[in-house]
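Please look through the sequence and the structure below before reading on. The briefing that follows goes through them by topic.

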Amino acid sequence: MVNPTKAPKPPLHQHIETQPMNNPPLILHPDALSRRSFLRRGSAAVAGSALIGGLAPERYAFGASNNDTLKVALIGCGGRGSGAANQALSTYRDGPIKLVAMADIHEDRLNSALGNLQKTHADRMDVPKERQFLGFDKFKEAIAQCDVAILSTPPGFRPQHFEEAIRQGKHVFMEKPVASDAAGVRRVLAAAEEAKKKNLKVGVGLQRHHQAGYIETMKRIHGGEIGDIVAARCYWNGNRPWQKKRADLEKQYGRPLTEMEYQLRNWYYFTWICGDHITEQHIHNIDVINWAKNAHPVKARSMGGREITNSPDDGEIYDHFACEFEYEDGSICYSYCRHQPNCWNSVSEHVVGTKGRSDIGRNTITGAEPWRYKAEGAKDPYQQEHDDLFRAIRNNTPYNEAFYGAESTMTAILGRMAAYSGKELEWNAALNSKIALVPDVTDFNAEAPVKPGPDGYYQKAVPGKTAVL
Ligand SMILES: NC(=O)c1ccc[n+]([C@@H]2O[C@H](COP(=O)([O-])OP(=O)(O)OC[C@H]3O[C@@H](n4cnc5c(N)ncnc54)[C@H](O)[C@@H]3O)[C@@H](O)[C@H]2O)c1
């Protein structure tokens with residue numbers, strides 16, 4: 001068995017057929033790259049950056065001094081967006097920062113986020129009416145106002161928003177998942193390369209990478225304390241998340257909703273915008289296994305379906321998945337996620353090595369020298385990830401989490417595609433899938449990519465019949 005930390009796997013973006021084959025290797029995690037190679041890339045990036053897309057480098061493209069006020073724009077003003085903006089503004093101790101623009105498609109969501117942020121950060125809010133942007137293409141104007149864009153819409157829109165932020169030369173914090181389909185992952189990877197060339201900093205909301213217990217445990221795994229990883233398992237088994245029922249929405253707004261508007265309000269239940277729950281939630285656990293392996297799987301075999309969710313408002317997503325992710329060294333990650341109340345629940349990640357094993361989420365190593373992480377004032381990882389990103393911006397240190405964010409997103413999508421199709425799927429084939437799920441949405445009257453039948457129910461993927469490539 002080859003230790004994956006000693007023999008890095010082929011970079012993900014070298015598998016994209018449309019990408020040049022001479023790209024530098026994928027950054028699986030910042031730890032995987034030495035400072036020396038970071039610096040080498042950094043200087044090459046600086047030299048080439050002014051030419052990219054004909055855009056001049058932006059003021060902060062190569063760092064901001066601690067005295068400069070960093071201007072932040074929030075794109076997608078929902079629950080997590082409000083949280084991320086709060087965490088970004090809470091970095092004010094490291095230097096001045098202001099929220100200067102907000103964009104959403106729903107006025108009520110924007111207003112509610114604005115009100116909440118005003119309560120906590122009045123001194124750091126500068127979002128007058130003319131910088132409150134409503135509409136599907138308004139994200140461009142909001143991004144134009146800022147140095148750092150927070151991208152926190154549902155994931156289907158992330159590739160478009162990330163591409164634009166990088167095109168405009170802005171630093172980015174974007175929530176996971178970074179896409180809902182393979183076409184979106186390819187766009188994010190291409191934009192991540194641009195970000196690297198422009199020396200832009202990119203954070204991705206896979207906050208376990210900023211959680212002290214995970215980091216310390218991972219150091220030991222990568223240091224060989226459990227030997228070579230031969231098997232892994234991970235779970236997001238829990239209850240169903242929020243749901244916006246069509247009847248309740250129509251009552252609340254006092255009118256019928258267009259199909260597009262309904263799907264965007266109840267977005268969790270539509271694969272084209274959410275990615276299904278394996279992508280939307282279980283990505284966190286899958287990402288931890290990729291991190292432990294310093295690799296992505298090369299193939300997947302999955303099952304999934306719907307056992308207990310069966311109403312039109314459950315849209316098209318499954319309520320359970322079981323996947324085998326196979327890595328290039330032959331090791332397997334068994335991954336399970338479900339939305340089924342009153343069952344055995346777990347949100348966790350475990351690896352078994354040739355010399356021991358680790359419950360990574362509990363921060364333990366079992367083996368010749370058992371070890372448990374002792375928390376000593378560890379910070380909330382949601383705050384830590386913003387502290388780390390904004391310090392990288394202010395100090396101009398290399399920072400680009402988009403590659404492993406895209407890789408973990410693609411791993412979850414691979415598991416979903418294998419379940420939907422019922423086929424064993426290779427990584428390369430899935431990444432190069434010709435099927436794009438996300439249409440260009442310009443308004444609430446746009447045609448929804450999936451529609452209910454006469455009975456109000458949506459078509460679900462049928463293993464053995466549904467095409468995913
Ligand atoms: N890292 C974490 O632990 C974590 C936790 C929760 C959510 N998230 C992620 O954050 C993202 C948002 O989740 P949420 O819970 O905040 O959802 P939400 O529904 O509360 O917020 C989404 C917001 O985006 C807006 N929006 C939708 N489409 C838009 C578009 N095209 N342009 C502009 N605005 C648009 C919506 O109106 C809404 O205000 C998801 O990707 C989710 O997976 C991450």
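**Helix α2 and its surroundings**

The buried residues of helix α2 pack against β1 (70-75), β2 (97-104), α3 (107-121), β4 (148-151), β5 (171-174) and α13 (381-395). Packing here rests on contacts, and two residues are in contact if their C-beta atoms, placed from the backbone, lie within 7 Å. This is a predicted model, in which local features need pLDDT of at least 70 and side-chain atom pairs count only at pLDDT 80 or more, while totals for chains, interfaces and linings use all residues. Residues are numbered from 1 along each chain as its sequence is written.

**The whole protein**

- The protein has 15 helices and 15 strands; helices (H or I, at least four residues) and strands (E, at least two) are DSSP runs, numbered from the N terminus.
- Of its 469 residues, 47% count as buried.
- A residue is buried if 20 or more other C-beta atoms lie within 10 Å of its own, exposed if 12 or fewer, and partly exposed in between, with C-beta atoms placed from the backbone.
- Among contacts between residues at least 6 apart in sequence, 78% join residues at least 24 apart.

**α2 and α13**

- Helix α2 covers residues 79-89, and its buried residues are Gly 81, Ser 82, Ala 84, Ala 85, Gln 87, Ala 88 and Leu 89.
- α2 and α13 pack at an angle of about 55 degrees, and their axes are 9 Å apart.
- Axes are lines fitted to C-alpha atoms, for helices over the stretch in contact, and angles run from 0 to 180 degrees between N-to-C directions.
- The two helices α2 and α13 are therefore oblique to each other; angles under 35 degrees count as roughly parallel, over 145 as roughly antiparallel, 65 to 115 as roughly perpendicular and the rest as oblique.
- The crossing of α2 and α13 is right-handed; a crossing is right-handed if the near helix is turned clockwise from the far one by less than a right angle, and left-handed if anticlockwise.
- From α2, Gly 83, Gln 87 and Ala 88 meet Tyr 382, Gln 383, His 386 and Phe 390 of α13.
- The residues of this contact divide into 3 nonpolar, 4 polar and no charged.
- Ala, Val, Leu, Ile, Met, Phe, Trp, Tyr, Cys and Pro count as nonpolar, Asp, Glu, Lys and Arg as charged, and the others, Gly among them, as polar.

**The shell around the ligand**

- Of the 25 residues around the ligand, Gly 76, Gly 78, Arg 80, Arg 109 and Glu 175 come nearest; a residue is near a molecule if its C-beta atom, placed from the backbone, lies within 6 Å of it.
- The largest share of this shell, 3 residues, comes from α2, and α2 and β2 each supply at least two residues.
- By class, the shell has 10 nonpolar, 9 polar and 6 charged residues.

**α5 and α6**

- Helix α5 (residues 158-167) and helix α6 (residues 182-197) pack at an angle of about 15 degrees, with axes 9 Å apart.
- That angle makes α5 roughly parallel to α6.
- α5 passes α6 in a left-handed crossing.
- Arg 158, Pro 159, Phe 162, Glu 163 and Ile 166 of α5 make the contact with Gly 184, Arg 187, Val 188, Ala 191, Glu 194 and Ala 195 of α6.
- The residues of the contact of α5 with α6 divide into 6 nonpolar, 1 polar and 4 charged.

**Backbone exceptions**

- Most residues other than glycine have a negative phi, and most peptide bonds are trans.
- A cis peptide bond joins Lys 176 and Pro 177, with omega about -25 degrees, and Pro 177 lies in the loop between β5 and α6.
- Asp 276 has a positive phi, near 75 degrees, and sits in the loop between α10 (271-274) and α11 (277-280).
- Asp 276 counts as buried because it has 30 C-beta neighbours inside 10 Å.
- Asn 294, also not a glycine, has a positive phi of about 55 degrees and lies in the loop between α12 (283-293) and β8 (299-305).

- Ser 408 is in helix α14 (residues 402-421) and touches Leu 206, Ile 283, Ile 286, Asp 287 and Asn 290, not counting residues up to four places away in sequence.
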